[in-house]
Amino acid sequence: MSRALEIKKGVYWVGVVDWNMRSFHGHTFSTSRGSSYNAYLIVDEKTALVDTVYAPFTREMLDNIRRIIDPAKIDYIIANHVETDHSGALPELLKVCPKAKVFGTEKCKEGLYKNYYCGMDFQVVKTGDTLSLGKKTLTFIEAPMIHWPDSMFTYCREDELLLPNDAFGQHLAGSSLFNDQADSCELMDEAKKYYANILWPLGTVISRKIDELLKLNLPVSMIAPSHGIIWRKDPLQIVKAYIGWAKQETKPKVIVVYETMWGSTGKMARVISDTLIGRGLEVKLCDVNSCDRTDVFKDMLDAKGFLFGSSTHDNGMLPNLAGFLYLLKGFKAKGRLAGVFGSYGWAGGAVKEIEEFLKSAGIEAAVPSCSAKFVPDEQETAACVKFAGDFADKIK
Ligand code: FEO
(Lines give C-alpha, C1' and ligand atoms only; values in the text may rest on other atoms or scores of the structure.)
Protein backbone atom coordinates (compact mmCIF):
# COMPACT_ATOMS: atom_id res chain seq x y z
CA MET A 1 0.00 0.00 0.00
CA SER A 2 1.56 3.25 -1.06
CA ARG A 3 1.11 6.52 0.75
CA ALA A 4 1.99 10.16 0.05
CA LEU A 5 1.04 13.11 2.19
CA GLU A 6 1.11 16.82 1.33
CA ILE A 7 2.91 18.59 4.20
CA LYS A 8 3.04 22.04 2.55
CA LYS A 9 1.45 23.11 -0.73
CA GLY A 10 3.34 21.18 -3.41
CA VAL A 11 5.59 19.41 -0.88
CA TYR A 12 4.87 15.74 -0.24
CA TRP A 13 6.18 13.20 2.24
CA VAL A 14 6.97 10.13 0.13
CA GLY A 15 8.97 8.20 2.71
CA VAL A 16 8.53 4.81 4.30
CA VAL A 17 7.64 3.79 7.86
CA ASP A 18 9.82 0.92 9.08
CA TRP A 19 7.50 -0.43 11.76
CA ASN A 20 9.62 -3.46 12.60
CA MET A 21 13.10 -1.95 12.78
CA ARG A 22 14.46 -2.91 16.20
CA SER A 23 18.11 -1.92 15.92
CA PHE A 24 20.09 0.74 14.09
CA HIS A 25 23.73 1.56 13.36
CA GLY A 26 24.65 -2.09 13.67
CA HIS A 27 23.28 -2.97 17.08
CA THR A 28 24.43 0.16 18.89
CA PHE A 29 20.93 1.70 18.99
CA SER A 30 17.83 -0.29 19.93
CA THR A 31 14.76 1.12 18.20
CA SER A 32 11.87 -0.30 20.20
CA ARG A 33 9.33 1.96 18.48
CA GLY A 34 10.54 1.41 14.89
CA SER A 35 11.48 4.33 12.65
CA SER A 36 10.88 5.92 9.29
CA TYR A 37 12.96 7.09 6.35
CA ASN A 38 11.46 10.40 5.31
CA ALA A 39 11.88 11.52 1.70
CA TYR A 40 10.22 14.70 0.43
CA LEU A 41 9.02 15.45 -3.08
CA ILE A 42 8.77 19.14 -4.03
CA VAL A 43 6.65 19.73 -7.12
CA ASP A 44 7.01 23.08 -8.88
CA GLU A 45 7.96 23.99 -12.45
CA LYS A 46 10.83 21.62 -11.73
CA THR A 47 10.52 18.64 -9.39
CA ALA A 48 13.00 17.82 -6.65
CA LEU A 49 13.23 14.82 -4.36
CA VAL A 50 14.96 15.53 -1.07
CA ASP A 51 16.66 12.34 0.17
CA THR A 52 15.56 8.78 -0.53
CA VAL A 53 15.06 5.71 1.68
CA TYR A 54 16.90 2.55 2.76
CA ALA A 55 17.37 0.27 -0.27
CA PRO A 56 14.94 -2.53 0.76
CA PHE A 57 12.13 0.06 0.65
CA THR A 58 12.94 1.49 -2.80
CA ARG A 59 9.84 0.08 -4.49
CA GLU A 60 7.58 1.47 -1.75
CA MET A 61 9.11 4.94 -2.13
CA LEU A 62 8.70 4.84 -5.91
CA ASP A 63 5.04 3.81 -5.49
CA ASN A 64 4.54 6.74 -3.13
CA ILE A 65 6.08 9.12 -5.68
CA ARG A 66 3.84 7.66 -8.43
CA ARG A 67 0.81 8.83 -6.47
CA ILE A 68 1.97 12.40 -7.23
CA ILE A 69 4.05 12.25 -10.43
CA ASP A 70 5.82 9.79 -12.68
CA PRO A 71 9.25 9.32 -10.97
CA ALA A 72 10.85 9.61 -14.42
CA LYS A 73 9.94 13.32 -14.28
CA ILE A 74 12.13 14.07 -11.25
CA ASP A 75 14.60 16.77 -12.30
CA TYR A 76 16.71 17.06 -9.16
CA ILE A 77 17.66 14.78 -6.28
CA ILE A 78 18.97 16.47 -3.16
CA ALA A 79 21.29 14.18 -1.21
CA ASN A 80 21.47 15.79 2.22
CA HIS A 81 23.42 12.84 3.61
CA VAL A 82 25.31 9.89 2.21
CA GLU A 83 24.40 7.29 4.89
CA THR A 84 22.62 4.36 3.29
CA ASP A 85 19.35 4.74 5.19
CA HIS A 86 18.82 7.90 3.09
CA SER A 87 20.73 7.17 -0.10
CA GLY A 88 20.13 3.44 -0.48
CA ALA A 89 17.38 3.87 -3.08
CA LEU A 90 19.47 6.27 -5.18
CA PRO A 91 21.02 3.78 -7.66
CA GLU A 92 17.60 2.28 -8.53
CA LEU A 93 15.98 5.72 -8.65
CA LEU A 94 18.61 6.92 -11.10
CA LYS A 95 17.68 4.05 -13.42
CA VAL A 96 14.13 5.45 -13.46
CA CYS A 97 15.16 9.10 -13.94
CA PRO A 98 18.69 8.89 -15.42
CA LYS A 99 18.77 12.58 -16.36
CA ALA A 100 18.11 13.79 -12.82
CA LYS A 101 20.88 15.93 -11.40
CA VAL A 102 22.07 15.13 -7.87
CA PHE A 103 23.01 17.91 -5.43
CA GLY A 104 25.09 17.53 -2.29
CA THR A 105 28.34 18.45 -0.60
CA GLU A 106 31.80 17.51 -1.86
CA LYS A 107 32.02 14.83 0.85
CA CYS A 108 28.62 13.52 -0.22
CA LYS A 109 29.79 13.15 -3.80
CA GLU A 110 32.83 11.20 -2.62
CA GLY A 111 30.75 9.04 -0.24
CA LEU A 112 28.04 8.20 -2.78
CA TYR A 113 30.66 7.04 -5.26
CA LYS A 114 32.40 4.86 -2.66
CA ASN A 115 29.08 3.31 -1.63
CA TYR A 116 27.49 2.65 -5.01
CA TYR A 117 30.23 2.95 -7.68
CA CYS A 118 27.72 4.29 -10.17
CA GLY A 119 28.03 7.41 -12.29
CA MET A 120 25.66 10.33 -11.80
CA ASP A 121 25.37 13.98 -12.81
CA PHE A 122 26.43 15.46 -9.47
CA GLN A 123 26.63 19.14 -8.59
CA VAL A 124 28.61 20.04 -5.49
CA VAL A 125 26.95 22.77 -3.41
CA LYS A 126 28.12 24.92 -0.52
CA THR A 127 26.34 26.93 2.17
CA GLY A 128 24.21 29.68 0.59
CA ASP A 129 23.98 28.06 -2.85
CA THR A 130 20.44 28.01 -4.19
CA LEU A 131 18.41 25.98 -6.64
CA SER A 132 15.31 27.49 -8.22
CA LEU A 133 12.42 25.12 -8.87
CA GLY A 134 10.20 27.89 -10.32
CA LYS A 135 8.18 29.58 -7.59
CA LYS A 136 10.12 27.83 -4.85
CA THR A 137 13.85 28.15 -4.21
CA LEU A 138 15.96 25.71 -2.22
CA THR A 139 18.91 26.99 -0.20
CA PHE A 140 21.63 24.61 0.93
CA ILE A 141 23.36 24.82 4.30
CA GLU A 142 26.38 22.59 4.94
CA ALA A 143 26.18 20.91 8.33
CA PRO A 144 29.39 18.89 8.66
CA MET A 145 29.44 16.46 11.60
CA ILE A 146 25.69 16.73 12.19
CA HIS A 147 26.27 13.96 12.08
CA TRP A 148 28.65 12.96 9.26
CA PRO A 149 31.20 15.11 7.37
CA ASP A 150 28.91 15.15 4.31
CA SER A 151 25.73 16.25 6.11
CA MET A 152 23.71 19.16 4.75
CA PHE A 153 20.38 20.89 5.45
CA THR A 154 18.01 22.10 2.73
CA TYR A 155 15.75 25.11 3.33
CA CYS A 156 12.78 26.35 1.31
CA ARG A 157 12.08 30.01 2.11
CA GLU A 158 8.68 30.16 0.38
CA ASP A 159 7.41 27.34 2.60
CA GLU A 160 9.45 28.30 5.69
CA LEU A 161 10.47 24.65 5.61
CA LEU A 162 13.73 23.25 6.99
CA LEU A 163 14.76 19.76 5.83
CA PRO A 164 17.70 18.99 8.16
CA ASN A 165 18.02 15.26 7.43
CA ASP A 166 19.14 13.41 10.59
CA ALA A 167 19.16 16.47 12.86
CA PHE A 168 16.01 16.85 15.01
CA GLY A 169 14.85 13.32 14.09
CA GLN A 170 13.64 10.42 16.18
CA HIS A 171 13.38 6.68 15.65
CA LEU A 172 9.62 6.52 15.97
CA ALA A 173 7.17 4.75 13.67
CA GLY A 174 3.64 6.08 13.77
CA SER A 175 0.43 6.46 11.84
CA SER A 176 0.55 10.24 12.28
CA LEU A 177 3.24 12.35 10.70
CA PHE A 178 3.07 15.61 12.70
CA ASN A 179 4.04 16.43 16.28
CA ASP A 180 0.61 17.90 17.05
CA GLN A 181 -0.90 14.49 16.28
CA ALA A 182 1.67 12.46 18.22
CA ASP A 183 2.00 11.62 21.92
CA SER A 184 4.24 14.50 23.01
CA CYS A 185 5.91 12.59 25.90
CA GLU A 186 6.73 9.63 23.66
CA LEU A 187 8.00 12.00 20.95
CA MET A 188 10.35 13.96 23.22
CA ASP A 189 11.54 10.73 24.83
CA GLU A 190 12.52 9.38 21.41
CA ALA A 191 14.07 12.70 20.32
CA LYS A 192 16.21 12.69 23.48
CA LYS A 193 17.19 9.04 22.97
CA TYR A 194 18.18 9.84 19.39
CA TYR A 195 20.27 12.84 20.47
CA ALA A 196 22.00 10.91 23.29
CA ASN A 197 22.89 7.88 21.19
CA ILE A 198 23.81 9.59 17.92
CA LEU A 199 24.65 13.22 18.55
CA TRP A 200 25.96 13.47 22.12
CA PRO A 201 29.68 13.76 21.17
CA LEU A 202 28.90 16.49 18.63
CA GLY A 203 27.50 19.12 20.99
CA THR A 204 30.06 21.81 20.17
CA VAL A 205 29.41 21.55 16.43
CA ILE A 206 25.66 21.48 17.00
CA SER A 207 25.72 24.59 19.22
CA ARG A 208 27.75 26.44 16.59
CA LYS A 209 25.43 25.42 13.75
CA ILE A 210 22.29 26.38 15.69
CA ASP A 211 23.83 29.79 16.51
CA GLU A 212 24.65 30.26 12.82
CA LEU A 213 21.09 29.33 11.81
CA LEU A 214 19.48 31.59 14.40
CA LYS A 215 21.64 34.52 13.23
CA LEU A 216 20.33 34.02 9.67
CA ASN A 217 16.87 34.75 11.10
CA LEU A 218 15.21 32.40 8.66
CA PRO A 219 11.49 32.02 9.21
CA VAL A 220 10.81 28.36 10.03
CA SER A 221 7.24 27.10 10.35
CA MET A 222 8.10 23.43 9.86
CA ILE A 223 11.11 21.20 10.53
CA ALA A 224 10.89 17.94 8.61
CA PRO A 225 13.71 15.54 9.56
CA SER A 226 14.62 12.32 7.80
CA HIS A 227 13.45 10.07 10.65
CA GLY A 228 10.21 10.11 12.60
CA ILE A 229 7.75 12.87 13.24
CA ILE A 230 7.64 16.30 11.53
CA TRP A 231 7.75 19.33 13.83
CA ARG A 232 4.79 21.50 12.72
CA LYS A 233 3.45 22.91 16.00
CA ASP A 234 6.04 25.14 17.70
CA PRO A 235 8.83 23.65 15.56
CA LEU A 236 11.54 25.54 17.45
CA GLN A 237 10.82 23.49 20.59
CA ILE A 238 13.17 20.80 19.30
CA VAL A 239 15.84 23.40 18.49
CA LYS A 240 15.59 24.70 22.09
CA ALA A 241 15.90 21.13 23.41
CA TYR A 242 19.02 20.62 21.25
CA ILE A 243 20.57 23.83 22.62
CA GLY A 244 20.27 22.44 26.19
CA TRP A 245 21.50 18.95 25.28
CA ALA A 246 24.42 20.36 23.28
CA LYS A 247 25.50 22.44 26.29
CA GLN A 248 25.41 19.21 28.35
CA GLU A 249 23.06 20.83 30.87
CA THR A 250 22.51 18.46 33.80
CA LYS A 251 20.35 18.15 36.90
CA PRO A 252 20.89 16.51 40.32
CA LYS A 253 20.19 13.04 39.01
CA VAL A 254 22.32 9.90 39.38
CA ILE A 255 22.39 6.89 37.09
CA VAL A 256 23.71 3.74 38.78
CA VAL A 257 24.86 1.16 36.24
CA TYR A 258 26.19 -2.23 37.33
CA GLU A 259 26.80 -5.84 36.39
CA THR A 260 26.75 -8.55 39.04
CA MET A 261 27.81 -12.21 39.01
CA TRP A 262 26.27 -13.73 42.17
CA GLY A 263 24.34 -10.73 43.50
CA SER A 264 26.84 -8.97 45.81
CA THR A 265 27.49 -5.99 43.53
CA GLY A 266 23.72 -5.89 42.91
CA LYS A 267 23.16 -5.71 46.70
CA MET A 268 25.67 -2.85 46.95
CA ALA A 269 23.92 -1.07 44.05
CA ARG A 270 20.57 -1.20 45.88
CA VAL A 271 22.02 0.12 49.14
CA ILE A 272 23.72 2.94 47.24
CA SER A 273 20.59 3.81 45.23
CA ASP A 274 18.33 3.76 48.30
CA THR A 275 20.75 6.06 50.12
CA LEU A 276 20.81 8.51 47.19
CA ILE A 277 17.00 8.46 47.00
CA GLY A 278 16.86 9.06 50.75
CA ARG A 279 19.00 12.14 50.13
CA GLY A 280 16.35 13.49 47.76
CA LEU A 281 18.11 12.75 44.48
CA GLU A 282 16.50 11.48 41.30
CA VAL A 283 18.00 8.03 40.70
CA LYS A 284 17.87 5.30 38.06
CA LEU A 285 19.27 1.86 38.86
CA CYS A 286 20.25 -0.18 35.82
CA ASP A 287 21.60 -3.73 35.63
CA VAL A 288 23.32 -3.74 32.22
CA ASN A 289 22.02 -7.23 31.57
CA SER A 290 18.37 -6.27 32.13
CA CYS A 291 18.09 -2.66 30.96
CA ASP A 292 18.08 -1.40 27.41
CA ARG A 293 21.46 0.27 26.92
CA THR A 294 20.03 2.84 24.50
CA ASP A 295 17.51 3.97 27.15
CA VAL A 296 20.20 4.14 29.83
CA PHE A 297 22.32 6.48 27.68
CA LYS A 298 19.22 8.65 27.16
CA ASP A 299 18.75 8.83 30.94
CA MET A 300 22.42 9.72 31.38
CA LEU A 301 22.22 12.68 28.99
CA ASP A 302 20.97 15.12 31.65
CA ALA A 303 22.31 13.36 34.76
CA LYS A 304 25.03 15.03 36.83
CA GLY A 305 26.23 11.79 38.42
CA PHE A 306 27.22 8.38 37.11
CA LEU A 307 28.00 5.42 39.39
CA PHE A 308 29.40 2.18 38.02
CA GLY A 309 29.72 -1.17 39.75
CA SER A 310 30.96 -4.64 38.82
CA SER A 311 31.86 -7.95 40.32
CA THR A 312 35.45 -8.99 39.64
CA HIS A 313 36.10 -11.52 36.90
CA ASP A 314 39.60 -12.47 35.79
CA ASN A 315 41.01 -9.47 37.73
CA GLY A 316 38.78 -7.02 35.86
CA MET A 317 35.20 -5.91 35.38
CA LEU A 318 32.47 -8.07 33.86
CA PRO A 319 32.26 -7.92 30.04
CA ASN A 320 28.88 -6.30 29.49
CA LEU A 321 29.70 -3.36 31.74
CA ALA A 322 33.00 -3.07 29.83
CA GLY A 323 31.02 -2.84 26.55
CA PHE A 324 28.72 -0.24 28.06
CA LEU A 325 31.66 1.91 29.23
CA TYR A 326 33.35 1.53 25.85
CA LEU A 327 30.34 3.15 24.16
CA LEU A 328 30.01 5.78 26.89
CA LYS A 329 33.62 6.87 26.32
CA GLY A 330 32.72 7.73 22.72
CA PHE A 331 30.05 10.19 23.91
CA LYS A 332 32.70 12.46 25.49
CA ALA A 333 30.43 13.35 28.43
CA LYS A 334 31.47 16.63 30.08
CA GLY A 335 30.87 18.11 33.52
CA ARG A 336 29.82 14.83 35.16
CA LEU A 337 30.86 13.33 38.49
CA ALA A 338 31.41 9.61 38.85
CA GLY A 339 32.01 6.94 41.46
CA VAL A 340 32.94 3.25 41.39
CA PHE A 341 31.92 0.28 43.51
CA GLY A 342 32.22 -3.47 43.24
CA SER A 343 32.76 -6.85 44.86
CA TYR A 344 35.44 -9.51 44.66
CA GLY A 345 36.33 -12.95 46.05
CA TRP A 346 39.98 -13.85 46.43
CA ALA A 347 41.42 -10.95 44.44
CA GLY A 348 40.05 -7.59 43.32
CA GLY A 349 40.41 -5.84 40.01
CA ALA A 350 37.00 -4.65 38.77
CA VAL A 351 37.01 -1.39 40.70
CA LYS A 352 40.56 -0.55 39.61
CA GLU A 353 39.79 -1.30 35.98
CA ILE A 354 36.63 0.88 35.99
CA GLU A 355 38.58 3.71 37.67
CA GLU A 356 41.24 3.52 34.95
CA PHE A 357 38.61 3.44 32.24
CA LEU A 358 36.84 6.53 33.62
CA LYS A 359 40.15 8.36 33.80
CA SER A 360 40.82 7.57 30.14
CA ALA A 361 37.30 8.82 29.29
CA GLY A 362 37.93 12.12 31.09
CA ILE A 363 35.18 11.50 33.67
CA GLU A 364 36.11 12.71 37.14
CA ALA A 365 35.86 10.38 40.15
CA ALA A 366 34.16 12.49 42.84
CA VAL A 367 34.58 10.12 45.80
CA PRO A 368 36.91 7.22 46.75
CA SER A 369 35.67 3.87 45.43
CA CYS A 370 33.84 1.33 47.57
CA SER A 371 34.49 -2.45 47.64
CA ALA A 372 33.13 -5.57 49.34
CA LYS A 373 34.62 -9.10 49.69
CA PHE A 374 32.17 -11.87 48.72
CA VAL A 375 28.83 -10.85 50.35
CA PRO A 376 28.88 -7.34 51.92
CA ASP A 377 28.87 -7.52 55.74
CA GLU A 378 27.57 -4.86 58.12
CA GLN A 379 30.75 -2.80 57.92
CA GLU A 380 30.92 -2.98 54.11
CA THR A 381 27.21 -2.11 53.84
CA ALA A 382 27.83 0.92 56.06
CA ALA A 383 30.71 1.85 53.73
CA CYS A 384 28.25 1.75 50.78
CA VAL A 385 25.91 4.11 52.66
CA LYS A 386 28.81 6.50 53.33
CA PHE A 387 30.00 6.25 49.71
CA ALA A 388 26.51 7.17 48.46
CA GLY A 389 26.08 9.93 51.06
CA ASP A 390 29.42 11.52 50.13
CA PHE A 391 28.51 11.27 46.46
CA ALA A 392 25.10 12.90 47.12
CA ASP A 393 26.90 15.81 48.82
CA LYS A 394 28.99 16.34 45.67
CA ILE A 395 25.98 16.17 43.36
CA LYS A 396 23.81 18.57 45.36
FE1 FEO B 1 22.99 9.33 9.36
FE2 FEO B 1 19.68 8.52 9.26
O3 FEO B 1 21.48 8.38 8.79
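I took helices (H or I, at least four residues) and strands (E, at least two) as DSSP runs, numbered from the N terminus. The model is predicted, so I noted that local features need pLDDT of at least 70 and side-chain atom pairs count only at pLDDT 80 or more, while totals for chains, interfaces and linings use all residues. Residues are numbered from 1 along each chain as its sequence is written, and side-chain values use heavy atoms, with hydrogens and water left out.

**Entry 1: Ser30**

I located Ser30 in strand 5, residues 29-30. Is Ser30 buried or exposed? I found a relative accessible area of 19% for Ser30; because buried means under 20% (exposed is over 50%, partly exposed in between; 1.4 Å probe, protein chains only), Ser30 is buried. I then listed the contacts of Ser30, leaving aside neighbours within four places in sequence: Arg22, Ser23, Lys193, Asp292 and Thr294. Contact here means heavy atoms within 4.5 Å. With Asp292, the side chain of Ser30 also makes a polar contact of 2.5 Å. A polar contact is a pair of N or O atoms within 3.5 Å; within protein, one must be able to donate a hydrogen and the other to accept it, and residues adjacent in sequence count only if both atoms are side-chain atoms.

**Entry 2: Glu380**

I located Glu380 in helix 12, residues 378-395. Glu380 is buried yet has no salt bridge, that is, a side-chain nitrogen of Lys or Arg within 4 Å of a carboxyl oxygen of Asp or Glu. Which side chain of opposite charge is nearest to Glu380? I found Lys373, 8.2 Å away. For charge, Lys and Arg count as positive and Asp and Glu as negative; His and the chain ends are not counted. Not counting residues up to four places away in sequence, Glu380 touches Ser371, Ala372, Lys373 and Val375.

**Entry 3**

Two strands pair if DSSP finds at least two bridges between them. I found strand 9 (residues 76-78) running parallel to strand 10 (residues 101-104), joined by 3 bridges; Tyr76 is opposite Lys101. Strand 10 also pairs in the parallel sense with strand 11 (residues 121-124), over 4 bridges, and Gly104 has Val124 as its bridge partner.

I traced an open sheet of 5 strands, in the order 12-13-14-15-16, with mixed pairing. Strand 12 (130-132) and strand 16 (222-223) are the edge strands, each pairing on one side only. Strand 13 (residues 137-142) is antiparallel to strand 14 (residues 152-156), with 5 bridges; Leu138 has Cys156 as its bridge partner.
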